[in-house]
Amino acid sequence: MTLEKKLILALPKGRILEELMPLLEKCNIIPENDFKDENSRKLRFNTNHGNLDIIRVRAFDVATFVAHGGAQIGIVGSDVLEEFQYSEIYSPLDLGIGKCRLSVAITNEDADNADTSKWSHIRIATKYPNLTERHFSKQGIQTECVKLNGAMEIAPALGLVRRIVDLVSTGSTLKANNLQEVEKIMGVSSRLIVNRSAMKTRPKEMRTWIDAFQKSVE
Amino acid sequence: MTGINNNPALLPKGFADLLPPEAEGEARSILTLMKLFKAFGYERVKPPLVEFEDSLIAPGPGVRHSTDTFRVMDPLSHRMLGLRSDMTAQIARLVTTRFDESDMPIRMAYAGDVLRTKGSQLRTSRQFCQAGCEIITNKSDVDADIEICVLSIMGLKALDIKEITLDLNIPGFVDMLTKDVDEDDKPALNEAIDRRDQAGIKSINFKYADEVLQLIACNGDVDQTLKCLGKISKKMKIKDHVAHIDNFSRKLRQALEDYGVSDVSVSIDVLEQSGFEYHNTIGFTLFSPQVRGELGRGGAYDVCFKEENKVRKGHGFTLYMDTISRTYAYTRDQKKIFAPYGVSWGEIKSLQEDGWTVIRGFETNNKPPQSCSHTWIDGQITPIG
């Protein structure tokens with residue numbers, strides 16, 4: 001096996017990326033022009049640093065790439081970190097962006113009528129089956145997770161489940177689908193993450209980038 | 001619903017066939033390691049695959065893998081058996097049952113497969129090979145720990161692994177730092193420390209929060225960490241630990257230099273804790289940028305005897321052969337020659353003595369296989385094609 005000398009920074013596609021651009025700028029990380037082009041087919045991008053490349057992947061995959069050492073640095077929500085709990089990921093910095101919360105929501109009808117505290121078993125639609133199961137098992141409730149990849153909010157109305165666990169920022173999507181937030185599981189914000197082996201074997205380079213990000217959020 | 005998949009090629013999750021050249025690669029690596037260890041007086045032992053559950057999962061090294069151990073009921077004795085999930089536990093048992101005081105210090109080497117009920121996130125295999133060394137002494141012994149560290153590095157170097165990092169830790173140190181923390185906060189704090197999560201550490205109010213953050217900022221650097229530990233020892237009773245790791249890292253670096261081992265970094269991360277639950281005084285983990293994950297780990301631990309108050313000290317390390325095998329660069333056997341049907345055994349012998357791998361032709365099958373680069377025709381080595 002050859003040694004990949006470049007460091008790879010994994011960034012999540014979509015919403016967070018916009019909030020992230022000013023941070024990258026403060027760290028003096030300037031990706032090549034294609035990076036800003038949402039339609040570009042490229043997956044890996046050069047930066048103004050010869051030894052740093054960026055990959056743009058789905059948020060859940062940022063954690064996977066970093067845990068397996070495919071990327072050494074990444075930026076990802078604390079929700080994703082909690083879902084996977086990878087032992088090979090260090091998450092040294094809270095970047096304070098991408099803030100929202102992970103909550104349990106329930107139909108307005110159930111909220112008014114059912115005594116949910118007596119339930120021993122519930123079906124939940126979520127992107128976060130591990131996290132959800134851990135959360136409810138602490139309360140002695142067995143969960144059956146229906147894994148969906150988006151549009152959770154429609155699942156209760158169509159009879160798939162009675163609750164959902166999903167990210168909430170303003171709550172307007174819940175409202176529009178006759179749901180209400182009943183319990184906050186955790187606050188969410190974006191974290192700088194690093195691969196544990198990379199931290200051990202390339203400490204100086206890694207520290208330089210962690211420090212750069214640290215300064216950019218101070 | 002689909003029925004059971006009867007495809008004979010399908011193996012249970014986490015199990016794999018090792019074929020050429022990987023199978024040979026692993027065997028050759030083990031041989032290289034065993035030879036090296038023997039040159040330092042570590043003699044090979046081979047404990048069985050299966051033991052009684054209570055001796056395999058005895059207090060000490062065995063406990064750590066209790067939940068990863070396959071168990072079966074022994075139809076003969078009607079007792080529970082455990083299939084080994086870690087070899088160090090077996091070595092500890094050997095020490096307490098098969099050796100005398102007069103054998104001390106005992107040096108042992110081993111290589112064998114272990115079985116786990118579940119894979120981990122990074123290692124999904126449920127069967128893999130561990131190879132390592134253990135030395136058992138009457139009392140805690142820095143020289144034994146140094147020998148173990150040096151040997152683990154030399155083992156990896158003998159397998160041509162580059163840019164090795166040996167990351168030292170003090171098992172139990174995090175527990176000392178978090179002693180005064182409220183029981184309810186402990187799991188969250190331990191998790192935050194494991195992830196080096198500054199925000200998480202700051203969110204919990206405890207006496208040594210600043211010190212933990214300073215240690216993280218040391219980044220594994222030996223001198224910085226020792227300086228930081230020196231400062232902490234003014235507030236906390238850790239003078240002995242600091243002196244020990246200071247002395248240890250010095251001796252280790254000196255040993256590596258004396259022995260002529262280069263291209264190795266030594267770091268200290270006292271916040272490393274998971275997986276070192278049964279260790280004490282010293283622990284270490286081995287890394288290389290060539291592969292993801294750990295190449296091996298080791299340290300000092302107690303070997304507990306049945307007799308109360310009788311404890312010996314184990315010092316050892318294990319290398320994970322599956323992780324190591326990912327660093328191999330395989331090259332095709334260059335010198336492979338086809339000896340057509342009728343070539344004499346004597347000619348074959350002399351070709352082999354010249355370093356050739358010889359594939360014999362049969363009367364019914366006299367075609368050179370693709371892997372051969374040459375044929376033996378009329379007493380001549382003739383290239384194919």
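I count a charge as sitting over a ring if NZ of Lys or CZ of Arg is within 6 Å of the ring centre and within 35 degrees of the ring normal. By that test, Lys310(B) lies over the face of Phe305(B), 4.3 Å from the ring centre.

Ground rules. This is a predicted model, where local features need pLDDT of at least 70, side-chain atom pairs count only at pLDDT 80 or more, and totals for chains, interfaces and linings use all residues. Residues are numbered from 1 along each chain as its sequence is written, chains are lettered from A and ligands numbered from 1 in the order in which they are written, and side-chain values use heavy atoms, with hydrogens and water left out.

**Aromatic pairs**

I searched the whole structure and found eight aromatic pairs over all chains. Rings of Phe, Tyr and Trp (its six-membered ring) pair if their centres lie within 6.5 Å; planes under 30 degrees apart are stacked, over 60 edge-to-face, and the rest tilted.

I looked up Phe128(B) and Tyr320(B). They pair edge-to-face, at 6.2 Å centre to centre and 80 degrees between the planes. Phe128(B) is in strand E6 (residues 127–137) of chain B and Tyr320(B) in strand E11 (residues 311–320), so this pair links parts of the chain 192 residues apart (helices, H or I, of at least four residues and strands, E, of at least two are DSSP runs, numbered from the N terminus). Both residues are buried, meaning under 20% relative accessible area, with exposed over 50% and partly exposed in between (1.4 Å probe, protein chains only). Arg123(B) lies over the face of Tyr320(B), 4.6 Å from the ring centre.

Next I took Tyr278(B) and Tyr301(B). This pair is edge-to-face too, at 5.7 Å and 75 degrees. Tyr278(B) is buried, because its relative accessible area is 17%. Tyr301(B) has 1%, so it counts as buried.

Two strands pair if DSSP finds at least two bridges between them. E10(B) and E11(B) run antiparallel, joined by nine bridges. Gly298(B) has Phe317(B), in E11(B), as its bridge partner.
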